[in-house]
Amino acid sequence: MENYSIIILILAIVIGLSAFADKVKLPYPILLVIVGVAIGFIPTMTEIQINPEIIFLIFLPPLLYDASFNISPKDFKTNINTISTLAISLVFLTTLGIAVVAHFTIPGMSWPLAFVLGSILSATDAVAAISITKGLKISHKTITILEGESLINDASALVAYRFAVAAVMGSAFIIWKATLEFILLLGGGFLVGFVMAKILSFILTRVHKNVNVTISFMLLMPFVTYLVAENLQVSGVIAVVILGLAIARFSKKIFPESLKNQSRNLWDIIIFLLNGLIFILIGLNFRYILKDIDDHMILPYIGYAVIITIVALLIRMARIFLQKINLQKAFQNTKRKRKVSEHALLDFNNSIILSWSGMRGIVSLAIAIGIPKVLEDRTPFPERTVIIFISVAVVLLTLIGQGLTLPWIVKKLSIEKEEQSKI
């Protein structure tokens, strides 16, 4: 992002549009994406170059830290079965499903390239879902699962993407090596997050009476933790999540209520601006990705994006309803040593809302744009432009399509639940 004056202008637009969205009762992420697309097509509009590494560094640490800091550890533990299912197994299942569809429907899409596309679109963006459902009557359990999923699924998607790109580059895929690397990435991230949380706790114990210094350390540490983990080649995502969870528990013991409120207010503003910037950047970049596609292929590629969007939604829906059944069976199984809590069970409404909340966002966009431009032999990365275009199209389709209909679905389910309770 080279032109800083444009970024300032965009932030001003974000604030104005968010206020307007409240007036017209439209989810502000949807409005920002639509306006971003429109602004991108203004002839005099300068292209904003997105550096994927900068996107991951600027956006991921604060968003992950905020979500993990505010999530209830008790609720997270209660729903860990469903969260891990969505954040790990569903990510790899979606990668496989999209890869199969892409390979057999998109011309020139080899198996390795199809898996690259599948991995890019495998992780959902709960930031979008939670922003869109804010103010709606959604159960605390559903919000906890969505937030918990978003804390882990990026790590799973990045692992899948790394192996898919390596396959395109010519490396053989070996299942045991992939599994071992996944475990090391997560385990290493957990260790880094734990150590950094201990360091931050040690510092905060000695400076917590100085409000400015305390809040500054808490703002800085997610970025430091992410960079340390990534430089050690472990998961920065998991490291920041562990940091947030640990500091949340620590802060309850030592921080006065006034400090918590000041810190929370500052984080709310930062997260609000980052979220707005994310959604408008997604819209802005559509024009510049569109220009690299042959005119006669635009509609077919959009058609492929629609098919992939539907397939991803169906896979998510099937896996969530299967999880609902499995939890119910485990709860009823009296022979199990570790009984499933009744609070962990999913009902029909939970399952539908969780299924429909599987929107893609900034992580998919950043991963797509970060695809290498050339292979090791300096030849162009095959179908790179096509993969990026379809990825961005799917992101826009899920944000606008599912995003516009999600509030209606939530409202409809709430009305039906009220009517059933009266019977």
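Predicted model: local features only at pLDDT ≥ 70, side-chain atom pairs only at ≥ 80, totals over all residues.
Trainee: Why is Lys253 called exposed?

Mentor: Lys253 has a relative accessible area of 73%.

Trainee: Which residues gather with Lys253 in a patch of positive charge on the surface?

Mentor: Lys198, Arg249 and Lys252 gather there with Lys253. Helix α11, residues 236–254, gives the largest share of the patch, 3 residues.

Trainee: Why does Ile80 count as partly exposed?

Mentor: The relative accessibility of Ile80 is 37%. Buried requires under 20% and exposed over 50%, with partly exposed in between; therefore Ile80 is partly exposed. Ile80 is found in helix α5, which covers residues 80–105. The C-alpha atoms of Ile80 and Ile145 are separated by 8.2 Å, although these residues are 65 apart along the chain.

Trainee: How many aromatic pairs does the structure hold?

Mentor: There are 9 aromatic pairs. One of them is formed by Tyr301 and Phe389, a tilted pair.

Trainee: What makes Tyr301 and Phe389 an aromatic pair, and why is the pair called tilted?

Mentor: Their ring centres are 6.3 Å apart, and rings pair if their centres lie within 6.5 Å. The angle between the planes is 55 degrees. Stacked needs under 30 degrees and edge-to-face over 60, so this pair is tilted.

Trainee: Where in the chain do the two partners lie?

Mentor: Tyr301 is in helix α14 (residues 298–332) and Phe389 in helix α17 (residues 384–422). The pair links distant parts of the chain, 88 residues apart.

Trainee: Are Tyr301 and Phe389 buried or exposed?

Mentor: Both are buried. Ring pairs also link Tyr301 and Phe389 with Phe286 and Tyr304 into a cluster.

Key. Residues numbered from 1 in each chain as written. Heavy atoms only, no water. Patch = residues over 30% accessible without salt bridge, like charges linked within 9 Å, V, L, I, M, F, W, Y side chains within 5 Å. Areas by Shrake-Rupley, 256 points an atom, 1.4 Å probe, with all protein chains shown as cover. Salt bridge = Lys/Arg side-chain N within 4 Å of Asp/Glu carboxyl O. Lys, Arg positive; Asp, Glu negative; His and termini not counted. Charge placed at Lys NZ, Arg CZ, Asp CG, Glu CD. Helix = DSSP H or I, 4+ residues; strand = E, 2+ residues; numbered from the N terminus. Buried < 20%, exposed > 50% of the residue type's maximum accessible area, 1.4 Å probe, protein only. Phe/Tyr/Trp six-rings, centres within 6.5 Å; stacked < 30°, edge-to-face > 60°.
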